[in-house]
Amino acid sequence: MVRLMKRLLCALLFVGAPLVAISDGQTKSESGLELAALDKTADPCTDFYEYACGGWMKNNPIPNDRSRWGRFDELQDRNNQVLHRILDEAAAKPTGENQKIGDYYASCMDESTINAKGAAPLQPLLSKIDALKTPNDLAPLVAELHTIQTNVFFNFGSEADFKDSSLEMAIADQGGMGLPERDYYLRDDPKSAEQRKAYVEHISKMFGLLGISEASTKAEKVMALETALAKGALDVTTRRDPTKIYHKQTPQELQAMTPQFQWQRYFDGIGAPPIYALNVTEPDFFKSLGKILASSSMDDIKAYLTWHVVHASATILPTAFVNENFEFYGKTMTGAKELRPRWKRCVQYTDGDLGEALGQAFVKETFGPEAKADTLKMVHDIEGALEKDINSLTWMTADTKREALVKLKAVADKIGYPDKWRDYGPLKIVRGDALGNSQRANAFEFHRQLGKIGKPTDKSEWGMTPPTVNAYYNPLQNNINFPAGILQPPFYNAKNDPAVNFGAAGMVVGHELTHGFDDSGRQFDARGNLKEWWTPKDAEAFNERAQCIVDEYSNMTAVDDLKLNGKLTEGENVADNGGVRLALMAYLASSAASSPKTLDGFTPEQRFFLGFGQIWCESARPEVKRMLAQVDPHSPGQARINGVVSNMPEFAKAFSCKADAPMVRKNQCRVW
Ligand SMILES: [Zn+2]
């Protein structure tokens, strides 16, 4: 499956989170709120999350094939049912524009053909690895593996130059590790040690399935090599700072950092256009990689490469490989109890590899021009609210305000789906060749990325497929992006009371817009260039206010005795707090708010907060709570709701909370 390098996309929720059965139990109400989702026995001023979501959590247990189950997952599941039908029809009649998606999906579903082939389709690659003689031969082989997105040792691709974002440049980034994040290799708590032991056992079992001798010894060698890579890598929190992952270098400078790796042979191998400069995100990682290559035996390197070949393809190999992959990545790491049905997985893989071919059919069925126009209107309202907010800030000087407004005016709004669909023309999809289809799709995407190097940035391109239930801000392009997949109930419904729509979809819009002004996004200017446009005094005032948010969330518990990482989640929390405030301002300024009335027993302000609360209802297993707290820049649903409302006097007023109520923080934080 295509794995895009997403360093800077500020998404609404975790990109790569385990996608999560079905329950479209919208209880009819005057306002569009789901009254059955509430727990009216709870006190909104004590725990607003329980009040807004208690009923939902009780009525929606986590399905066995999920580690986490929330409103986003519910909607994604409904979208996937639409995709399922489209793909079943395409598979039955794979002609014309449906050939690629139909044959891809049918091949993925054909488990018996996949099982009959066994691991044979991997053999050509495994033989090449086996034939490696000296480290000098490594670069062309790494190039071949990277082409099919088996990302050994590091990641390579294209991204806009942070300091001149109108141009794409090559980028070499840390990578080559099978655990979610570098700290998984280095933490010394018992839980992390347990996970590492399970990881080594998993590698060993995968080797066993390939019929490799001395599997456990080799698995230990792989672990040692990945641990060495981790030691040279940056952790996920540090990587949020764009200045820490931008180092423009010449290929000669990169070569000097890693003398043991023949970069020109690698560039030739991947078929890169001429490279004059590239972003070597972390020079220290590449220096460390050089030393690792110099000190590792050829046998260790072969074991490492073999592991990554089988790992990268595991989900599309015979059943035994799929099951073992699930045992570790699904059960051990995220707590899911059973593997998702095959069709759900194949829908997901088709979306990953041919998303804009599949997305066209999805959009035709689900997203009309009215939905696009309605959403755009809301986006404009919220942009207007941010303008008002910036103008009224007491902590920002006129100079920085002027620049902030220039940036705000330059934000481009992208809604629903791309204006121009991606052409998969040359990509060959062959019925009955599931692994080959996946590898060719990966190569197609890799070459598409390489083709951008040295060319002007295409800001019309989308980083998410149309059926995706998510949204993002791209700081290098200064645009906000809302796929058709999320512009549906419970996020948006034209029939709903506007207060509910502003609380839900409006908050999503405000969240993405705020990302242009969070700890990371604020470092980019109106054109998406990494450039200081704040006066030092204003930057300091921002940091002081943002620190209040960091401290607030750092005190919240993720699972057991593990707290949230306030610094990792800073940008998302700032975006949540700013997003809800902007959406409320926009609602109050709208014509809908001019004649306030009570619906379903709630005032307009109460419905606004409940509309917001209801999109974040979720339940999660302890394993995935732990993982997300360690890698996800987003806070869990409960924190996203209570953390925000407890900062808002407007909330306390709406629900008549007493000054000492738990949902009224003594020290209320506010950035935007
Ligand atoms: Zn976000």
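I start with a network of salt bridges: E356, R422, E445, R448, K452 and E461 are linked in it. A salt bridge here is a side-chain nitrogen of Lys or Arg within 4 Å of a carboxyl oxygen of Asp or Glu. Side chains of opposite charge can pair when their charged atoms come close. The structure holds 38 salt bridges.

Before going on, the ground rules. This is a predicted model, where local features need pLDDT of at least 70 and side-chain atom pairs count only at pLDDT 80 or more, while totals for chains, interfaces and linings use all residues. Residues are numbered from 1 along each chain as its sequence is written, and side-chain values use heavy atoms, with hydrogens and water left out.

Now some single pairs. R239 and D173 meet in a salt bridge, 2.9 Å from N to O. This one links distant parts of the chain: R239 is in the loop between helix 8 and strand 5 (248-249), and D173 is in strand 4 (residues 164-174), 66 residues apart. Helices (H or I, at least four residues) and strands (E, at least two) are DSSP runs, numbered from the N terminus. Are R239 and D173 buried or exposed? Both are buried, which means under 20% relative accessible area; exposed is over 50%, and partly exposed is in between (1.4 Å probe, protein chains only).

K409 pairs with E387, the closest N and O atoms being 3.0 Å apart. K409 lies in helix 16 (residues 398-410) and E387 in helix 15 (residues 369-392), so the bridge ties together parts that are 22 residues apart in sequence. K409 is exposed, at 58% relative accessible area, and E387 is partly exposed, at 29%.

Next, helix 8, residues 215-231. Its 17 residues reach 24 Å from first C-alpha to last, close to the 24 Å expected at 1.5 Å a residue; the expected span is 1.5 Å times one less than the number of residues. Its buried residues, including L225 and L229, pack against helix 7 (190-209), helix 11 (283-295) and helix 12 (298-313).

That leads to the core. A nonpolar core is a set of buried Ala, Val, Leu, Ile, Met, Phe, Trp, Tyr and Cys residues joined through side-chain atoms within 4.5 Å. Which residues touch the most other members of the largest one? Of its 203 residues, F153 and Y266 do. Helix 18 (residues 498-515) gives the most to this core, with 9 residues. Leaving aside neighbours within four places in sequence, F153 is in contact (heavy atoms within 4.5 Å) with residues including L225, L229, F285 and Y304.
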